[in-house]
Amino acid sequence: MRYAPPIARLLEELERLPGVGPKSAQRIAYWLMTADTADAERLALAITEVKRTIHFCPVCFNFAEDELCVVCGDTERDRTIVCVVEEPRDVVAVDRTGEVHGVYHVLQGAISPIDGIGPERLRVRELVDRLGENEITEVVVATNPNVEGETTALYLARLIKPLGIKVTRIASGLPVGGDIEYADEVTLGRALEARREM
Ligand SMILES: [Zn+2]
């Protein structure tokens, strides 16, 4: 059986979403087709709204609605500590632990020679510029506890330590090969608390 073209187009778009396979795409598409028009339009509007209003914070490369992201715009933050993470979603995970009262820097990825991703493809240059301009005394590297995350952490330590800035790495206790964003709050909080100097 062939789908009517509008349904086929919707399925095709839904299947491109992360974590959505053909079965889930079909379930969502059928839900949308039977949902109230207002519900479907609210979803469509929410999608266009984030695309229109959300951009990268020019300081830390987290997502932002205003000129700066909510963290960089918060005057209560300790600006001597910068926590380096791979993705904007990691900012949410680390911040929820309450262990880091500083600010963040989002690399937008990790070093992965196999995928041809070197430091020049990440926001490393911008991090070094920040370190030169501000009163930063500690860089907490909270990249994922997998090969790419560890490679990135070592690279950053070698780059930053000569600048006279303390570089710490979150402790193990996080499952190796795992993702920061999926770690539970307690495990991630302990890993941050027990960070060690690199
Ligand atoms: Zn920011």
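This report describes the fold, zinc site, cysteines, pockets and selected residues of a predicted model.

## Basis of the model

Because the model is predicted, local features require pLDDT of at least 70 and side-chain atom pairs count only at pLDDT 80 or more, while totals for chains, interfaces and linings use all residues. Residues are numbered from 1 along each chain as its sequence is written, and side-chain values rest on heavy atoms, with hydrogens and water left out.

## Overall architecture

The protein chain contains seven helices and seven strands. These elements are DSSP runs numbered from the N terminus, with helices being H or I of at least four residues and strands being E of at least two. Read from the N terminus, their order is α-α-α-β-β-β-α-β-α-β-α-β-α-β.

Along the principal axes, the C-alpha atoms of the protein chain occupy a box of roughly 65 × 35 × 35 Å. The chain has 198 residues, of which 39% count as buried. Buried denotes under 20% relative accessible area, exposed over 50%, and partly exposed the range in between, computed with a 1.4 Å probe on protein chains only.

## The zinc site

The zinc ion is coordinated by the SG atoms of Cys57, Cys60, Cys69 and Cys72, at 2.2 to 2.4 Å. Donors are defined as N, O and S atoms within 2.8 Å of the metal (3.2 Å for Na, K and Ca); water is not among the atoms, so sites may look incomplete. The angles among the four donor atoms span 99 to 117°, and the site is tetrahedral. For four donors, that term requires all angles to lie between 85 and 135 degrees. The ideal angle for four tetrahedral donors is 109.5 degrees.

In sequence, the donor residues follow the spacing C-x2-C-x8-C-x2-C. Cysteine 57 belongs to the loop between β1 and β2 (63-64), and cysteine 72 to the loop between β2 and β3 (81-85); the pair therefore ties together parts that are 15 residues apart in sequence. Cysteine 57 is buried, at a relative accessible area of 0%, and cysteine 72 is also buried, at 7%.

The structure holds zero disulfides, a disulfide being a pair of cysteine sulfur atoms within 2.5 Å. Cysteine 83 takes part in none, and the nearest cysteine sulfur, which belongs to cysteine 60, is 11 Å away. Cysteine 83 is buried, with a relative accessible area of 0%.

## Pockets

Pockets were located on a 1 Å grid over the protein atoms alone: a pocket is an open set of points with protein on both sides within 12 Å along at least five of seven lines, and lining residues have an atom within 4 Å of a point. Grid points are joined across faces, edges and corners, and a volume is the space filled by probe spheres set on the points. The largest pocket has a volume of about 200 Å³. Its lining consists of Leu10, Glu13, Leu14, Leu17, Leu32, Ala40, Leu43, Ala44 and Ile47. By class, the lining has eight nonpolar residues, no polar residue and one charged residue. Nonpolar covers Ala, Val, Leu, Ile, Met, Phe, Trp, Tyr, Cys and Pro; charged covers Asp, Glu, Lys and Arg; the others, Gly among them, are polar.

The second largest pocket has a volume of about 160 Å³. Val50, Lys51, Ile54, His55, Phe56 and Phe63 form its lining. Here the elements that give two or more residues are α3 and β1 (55-56). This lining divides into four nonpolar, one polar and one charged residues.

## Selected residues

Phenylalanine 61 has a positive phi of about 70° although it is not a glycine. Phenylalanine 61 is in the loop between β1 and β2 and is buried, with a relative accessible area of 8%. Glutamine 108, likewise a residue other than glycine, has a positive phi near 65°. Glutamine 108 is placed in the loop between β4 (103-106) and α5 (124-133) and is partly exposed, with a relative accessible area of 24%.

Leucine 11 is located in helix α1 and is buried, at a relative accessible area of 6%. Leucine 11 and threonine 168 are separated by 157 residues in sequence and by 45 Å in space, C-alpha to C-alpha.

Notes:
On a 1 Å grid over the protein atoms alone, a cavity is a set of points where a 1.4 Å probe fits but cannot get out, and a pocket is an open set with protein on both sides within 12 Å along at least five of seven lines; lining residues have an atom within 4 Å of a point. Four donors count as tetrahedral if all angles lie between 85 and 135 degrees; four count as square planar and six as octahedral if opposite donors are over 155 degrees apart and all others between 65 and 115; anything else is irregular.
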